[in-house]
Amino acid sequence: MPSLAKAYIAAIAAVAAALLTVVAYRWNPENFSRFVLFFALAMVASAMKIRLPGFKTTISINFVFILTGFALFSFSETVLMGLGGALVQSLWKTQTRPKPVQVLFNAACLTVCTAAAFWTSHAIPTMLGLNSMAAMMILGGCVYVVLNTGLVSLVISLAEGRSLRELWSSCYEWTFPYFLVGSAVAGLASVASHGTNGANLGVALLVILAMYFVYVYYRMHIVRTVLDNLSTVSQEHETVLAGASRGR
């Protein structure tokens, strides 16, 4: 791995370590039973992952619970869901055994993204005098998507020498519809759960059920796209071979 890529990963890991120190210092769950429920379901959601074409990385539906955390949970609780989800996503049923540096970066990346999105979703509306859950969710979701795709694209660019612009564009193109639907589901779940004192098991299960269907559809869409691309390449190859045969 190039030295610049190593330095970049070390910097992200250092920022994540500082954030986790703040998480430990501020840890004071307001509703522990609800947090345990959403945390457990977020870990289940992290196991529902999709590998993006052209990337050695995956996305999962755990971000729905992270976005829901912006409205329902504290900074520490939400960041902890992001960290736990990253570890499950990196280690659970992988095609090849991940390298420690990959697990480290994924955990640090989701920690940083979650913390930045949480802060933005609360700080900016407060500065503007807005008391709107919709504004909070939109801001948090946008920061999370842009930062997540950007950090991942940058590490791949540094490690493999590929174009950052092309990587980020491709990553954003694949993930944006997925995040858009997930953000809508997270917003509805936050509205339904906001102000309740219980764990609200019904809402949490509806979230996981809705996102499971989105996950299945998106996975089928990616598989179909990959197969179509392979078919196109195969047809082009056959055309070239046929042309070469006629030229003999």
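Me: What should I know about the model before I start?

Reply: Because this is a predicted model, local features need pLDDT of at least 70 and side-chain atom pairs count only at pLDDT 80 or more, while totals for chains, interfaces and linings use all residues. Residues are numbered from 1 along each chain as its sequence is written, and side-chain values use heavy atoms, with hydrogens and water left out.

Me: Which residues have the most contacts inside the largest nonpolar core?

Reply: In soluble globular proteins, nonpolar side chains tend to be buried together. A nonpolar core is a set of buried Ala, Val, Leu, Ile, Met, Phe, Trp, Tyr and Cys residues joined through side-chain atoms within 4.5 Å, where buried means under 20% relative accessible area, exposed over 50% and partly exposed in between, with a 1.4 Å probe and protein chains only. Here the largest has 37 residues, and Tyr8, Ile12, Phe75, Phe105, Tyr144 and Leu151 have the most contacts inside it.

Me: Is Ser153 buried or exposed?

Reply: Ser153 counts as buried, at 0% relative accessibility. Leaving out residues up to four places away in sequence, Ser153 touches Leu164, Leu167, Trp168 and Cys171, a contact being heavy atoms within 4.5 Å.

Me: How many salt bridges are there?

Reply: Side chains of opposite charge can pair when their charged atoms come close. A salt bridge is a side-chain nitrogen of Lys or Arg within 4 Å of a carboxyl oxygen of Asp or Glu, and the count is one. Glu160 pairs with Arg162 in a salt bridge, with the closest N and O atoms 3.1 Å apart; Glu160 is partly exposed at 40% relative accessible area, and Arg162 is partly exposed at 35%.
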